[in-house]
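Here is a short briefing on a protein model. Look at the sequence and the structure, then read the points below.

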Amino acid sequence: MPPTDDLPSFLHGVAPILDNWGYLAVAGVIGVESFGVPAPGQTIMVAAAIYSSWGRLDIFAVAAISFVAAVLGDNVGYWIGVRGGRKAVHRFGRYIFITPERLERAEKFFARRGNRVVLVARFIDGLRQLNGVIAGITAMPWRTFLLYNAIGAALWVGWWTTVAYLLGTHLVDIIDHAHKYKWWALAAIVLAIGAYAALHMRHIRRRRARAAAADDETVEVDSQA
């Protein structure tokens, strides 16, 4: 089996924890990250999936443990938000690096997007840690939160464990190679957004023109009558 040094460099920080504690490390780190502590949950999950590709861990166990830890951790965060509210988070948040400014930014973003935020929050750094806490503070119904959070956790775990397991140590090489083309990709995205905006505005102008023509015809008919 390949040594730990064969891990991509950005995973070296979690390797000793994973070597010593295995599945417990995956559960613990992802669990505490999910209720507000800025722990490297996603990083350790990727490292564990790579270990699985070497035969050192079981990929299905890694995925199942990651999912359960993520859902349970977010629910702990939810009840922290419900029971303690914003005042408690402001008072004790500094101990787990949740500043009032960080909470306010995440809360505003959460309020604008509703349930969709819970669904995709795990893919967004910052919201991944504060997702449950903010849902509790904003009094989102628990069953609604549980449903969307479980779906989001399943997508998050499924994506990263699958990618890391299949690509293994080649993951970073692929990311580095992709970075060479990031400006081309960004330019393509900007052009696509611009084209969409132009077509959308053109559609609006045509619709307004048709509405104006219809109003003129109505006025003409009324005047003739």
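Leu147 is found in helix α8. Helices here are DSSP runs (H or I, at least four residues), numbered from the N terminus. The model is predicted, so local features need pLDDT of at least 70 and side-chain atom pairs pLDDT 80 or more, while totals for chains, interfaces and linings use all residues. Residues are numbered from 1 along each chain as its sequence is written, and side-chain values use heavy atoms, without hydrogens or water.

**Helix packing**
- Helix α7 (residues 127–137) packs against helix α8 (residues 142–167) at about 170°, with the axes 12 Å apart.
- That makes α7 roughly antiparallel to α8 (an angle over 145 degrees).
- In the contact (heavy atoms within 4.5 Å), α7 supplies Arg128, Asn131, Gly132 and Ala135, and α8 supplies Phe145, Asn149 and Trp156.
- By class, three of these residues are nonpolar, three polar and one charged; Gly counts as polar.

**Salt bridges**
- The structure holds two salt bridges (a side-chain nitrogen of Lys or Arg within 4 Å of a carboxyl oxygen of Asp or Glu).
- One of them pairs Arg56 with Asp19 at 3.1 Å, N to O.
- Arg56 lies in the loop between α3 (41–54) and α4 (59–92) and Asp19 in helix α1 (residues 15–21), so the pair ties together parts 37 residues apart in sequence.

Notes. Axes fitted to C-alpha atoms, helices over the stretch in contact; angles between N-to-C directions. Helix = DSSP H or I, 4+ residues; strand = E, 2+ residues; numbered from the N terminus. Parallel < 35°, antiparallel > 145°, perpendicular 65-115°, else oblique.
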